Amino acid sequence: MNRLIDMGVLACRQKNSRGTFKPHLAVRFRSGEGKICTFSIDSTRVPKKQPQPDAYLVTHAHSDHNGKSAMLSDLSVCTDRTAVALEIRHDREFKGRTVDMCGSIEINGVDVRTYPTGHTAGAVAFYWENDVGTRIMVTGDVKDPSSLPKCDLLITEANYGDHGDPSCHFVDDIEGFRDAFWSAPQVAFGAYAFGKAQRAVELLREVGHDGPIAMEEKSLILSNRLLDEPGELIGLGEFDEEAVCIVPPWDLGKLPHSMSKYVMTGRQDYRYPSLQISDHLDANGLVDMVEKVDPEMTLVYHPGGDRPGKFASYLNSIGRGAVCLDDVDNVLSNEFL
Ligand SMILES: [Zn+2]
């Protein structure tokens, strides 16, 4: 942690009213103008009566990144698409400010830039510099690191960061998806409404399906709003013989027996054959990302459990400085803010 201090960054955890740690973290630093700033990252809101951070950065709209809570603060910042996804998913108004996918936004005198991570529609990394020129980047979850710039402090994820676990090593089975699509006259794919369902639409168009795609209601609304060129998307009620279906995995059983059914997941515990299509980098992909952005230090903040620690240890073993959230022992209290 001392290396972070040397870089002009204090990583802090926050406590909730029950005295336990809130998910994720906040970082404190000085802006180029010398002002002390606090950015809360993928965290829930601090109660209104307490001092507030300068921003709640929301990397994307998956629930374990806490946009449902942060979206109710006018200090929240996310992309236009993440704001749309949060509003549809949670049926409440996004109260914060939005930024483009490859954009920049000024937060209390700090120029914060965004870079797509390819994880979900709207998902971005946030990047800024502090008073001593440390380049700080927070990625959230990452599928495609090709747009990410170099940085000095990388704050990132390790969903599949355990090198010793075979399930953390995979490649996307695009061929399998293509074969599944062509396997029968009527095919249905089980995919979560936000994230996977949009990926399924894109993949269907990639493998040559230009007819209608019938979708469960929330998946349909999200896909129409979040994708640039989704083609013809229809409700399950309008389903006809030429349509391919995309529904949440637990709704596959409600579709006709005659349909071929697949689940888009790395998990093997569904009744239907699974297609390995992930929204994440695998263990080697995460290391490649770190090599590419080449930070002096990496702080692994997500998800819960032991994978952040295991990934940080692995990075240490290949000579890269890294710590995880469990190593962060500063508690953000009123005196800090
Ligand atoms: Zn995610």
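The model shown in every view is a predicted one.

**Figure 1**
For reference, ideal angles are 109.5 degrees for four tetrahedral donors.

**Figure 1. The salt bridge between Arg81 and Asp228.**
Side chains of opposite charge can pair when their charged atoms come close. The count of salt bridges in this model comes to 13, and the one in this view joins Arg81 to Asp228, with 2.7 Å between the closest N and O atoms. Arg81 belongs to helix 3 (residues 80-90), whereas Asp228 belongs to the loop between helix 6 (217-226) and strand 14 (233-235), so the pair ties together parts of the chain that are 147 residues apart in sequence. With a relative accessibility of 28%, Arg81 counts as partly exposed, whereas Asp228, with a relative accessible area of 63%, is exposed.

**Figure 2. Helix 3 and helix 6 crossing each other.**
The axes of helix 3 and helix 6 come within 10 Å of each other, and they cross at roughly 160°. Angles over 145 degrees count as roughly antiparallel, and helix 3 and helix 6 are therefore roughly antiparallel to each other. The crossing of these two helices, helix 3 and helix 6, is right-handed.

**Figure 3. Further salt bridges in the model, including those of Asp152 with Arg135 and Lys310 with Asp306.**
Asp152 and Arg135 meet through their side chains in a salt bridge, at 2.9 Å from N to O. Asp152 lies in the loop between strand 10 (135-138) and strand 11 (153-157) and Arg135 lies in strand 10, so this pair ties together parts that are 17 residues apart in sequence. Asp152 is buried, at a relative accessible area of 16%, but Arg135 counts as partly exposed, at 26% relative accessibility. In another salt bridge, the side chains of Lys310 and Asp306 meet at 3.5 Å from N to O. Here Lys310 counts as partly exposed at 37% relative accessibility, and Asp306 counts as partly exposed at 47%. Elsewhere, Lys143, Asp172 and Arg199 are linked in a network of salt bridges.

**Figure 4. Helix 5 and the glycine that follows it.**
Helix 5, which covers residues 196-206, is mostly covered, because eight of its 11 residues have under 20% relative accessible area and so count as buried. The buried residues of helix 5 are Lys196, Ala197, Gln198, Arg199, Ala200, Val201, Leu203 and Leu204. One of these, Arg199, is also a member of the network of salt bridges with Lys143 and Asp172. Helix 5 is followed by Gly208, and the phi of this glycine is positive, near 105°.

Terms used. Residues are numbered from 1 along each chain as its sequence is written. This is a predicted model: local features need pLDDT of at least 70, side-chain atom pairs count only at pLDDT 80 or more; totals for chains, interfaces and linings use all residues. Side-chain values use heavy atoms; hydrogens and water are left out. A salt bridge is a side-chain nitrogen of Lys or Arg within 4 Å of a carboxyl oxygen of Asp or Glu. Helices (H or I, at least four residues) and strands (E, at least two) are DSSP runs, numbered from the N terminus. Buried means under 20% relative accessible area, exposed over 50%, partly exposed in between (1.4 Å probe, protein chains only). Axes are lines fitted to C-alpha atoms, for helices over the stretch in contact, and angles run from 0 to 180 degrees between N-to-C directions. Angles under 35 degrees count as roughly parallel, over 145 as roughly antiparallel, 65 to 115 as roughly perpendicular and the rest as oblique. A crossing is left-handed if the near helix is turned anticlockwise from the far one by less than a right angle, and right-handed if clockwise.
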